[in-house]
Amino acid sequence: QTSWSMFDENNVVVASGNANDATFCIANTCHRFEIFDSAGNGLTGSGNYKVYLNGIQVAGGAAFTSQDIRYINCPQGVSCNDPITATLGLNDVPFDNSWYSFTAASNGNYRISTCNLVTCDTKVWVYDYCNMANFDDTNEATIQYNDDFCGVQAEVNMFLAAGETYYLRVGSEGSCAGEQYQVLIE
């Protein structure tokens, strides 16, 4: 009932299977590992999975429902599993769908915005947990989401609780390719 696939940065399957042990080589680029459980209860009992890169464990787990997704050998910010730490003020957006973690220092209303910081169409997603298998390009699973608050740029204004970690995603589904921009948190 368990199977897995490894995808390269172009979304091409480079390896897959359902065997307990598999060894294969990947290029020194960003890859996505997905494990599936058809029963929807993850790995039970003493079951777990581990992914190694050059002999070092880079992903693993057991507690998931029908799918778990991990990014291997990718730059920081590609997934919520390895987000960029956001700070108050301007934060660089290195690529489409950049992920950030932000912990509010105090209770209050915060603004997360790309307004007037870029010319292309952007979106802002805010989540209160990290599970890459639950996230797509819609507003499903978000606690706040915006597309086109100020023209084609995005902005959310919301209450954040002190000490809570939030996961922010800023992206554009490819329309900002090559354009360097920032997101403002205040």
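Begin by selecting cysteine 115 and cysteine 150, where the torsion about the S-S bond is about -100°, so the disulfide is left-handed. Cysteine 115 lies in the loop between S10 and S11, while cysteine 150 lies in the loop between S12 and strand S13 (155–160), so this pair ties together parts that are 35 residues apart in sequence. Bear in mind throughout that you are looking at a predicted model, in which the S to S distance of this disulfide is 1.7 Å. If you colour by accessibility, cysteine 115 counts as buried because its relative accessibility is 12%, under the 20% cut-off, whereas cysteine 150, with a relative accessible area of 24%, is partly exposed.

Next, select cysteine 80 and cysteine 130, which form a disulfide with their sulfur atoms 2.0 Å apart. Here the torsion about the S-S bond is 80°, and the link is right-handed. Cysteine 80 is found in the loop between S6 and S7 and cysteine 130 in the loop between strand S11 (123–127) and strand S12 (144–147), so the pair connects parts that are 50 residues apart in sequence. Cysteine 80 is buried, at a relative accessible area of 3%, but cysteine 130, at 27% relative accessibility, counts as partly exposed.

Then move to cysteine 30 and cysteine 74, which are joined by a disulfide with an S to S distance of 1.9 Å. This pair links distant parts of the chain, 44 residues apart, with cysteine 30 in the loop between strand S2 (13–17) and strand S3 (31–37) and cysteine 74 in the loop between strand S6 (67–72) and strand S7 (84–85). The torsion about the S-S bond of cysteine 30 and cysteine 74 is about 85°, so the disulfide is right-handed, and both cysteine 30 and cysteine 74 are buried.

How many disulfides does a search of the whole structure find? It finds four, and with bonded cysteines counted along the chain they follow the pattern 1-2, 3-6, 4-7, 5-8.

For the last stop, select strand S15 (residues 181–185), which is mostly covered, with four of its five residues buried.

Definitions and conventions
Residues numbered from 1 in each chain as written. Predicted model: local features only at pLDDT ≥ 70, side-chain atom pairs only at ≥ 80, totals over all residues. Heavy atoms only, no water. Buried < 20%, exposed > 50% of the residue type's maximum accessible area, 1.4 Å probe, protein only. Helix = DSSP H or I, 4+ residues; strand = E, 2+ residues; numbered from the N terminus. Disulfide = S-S within 2.5 Å.
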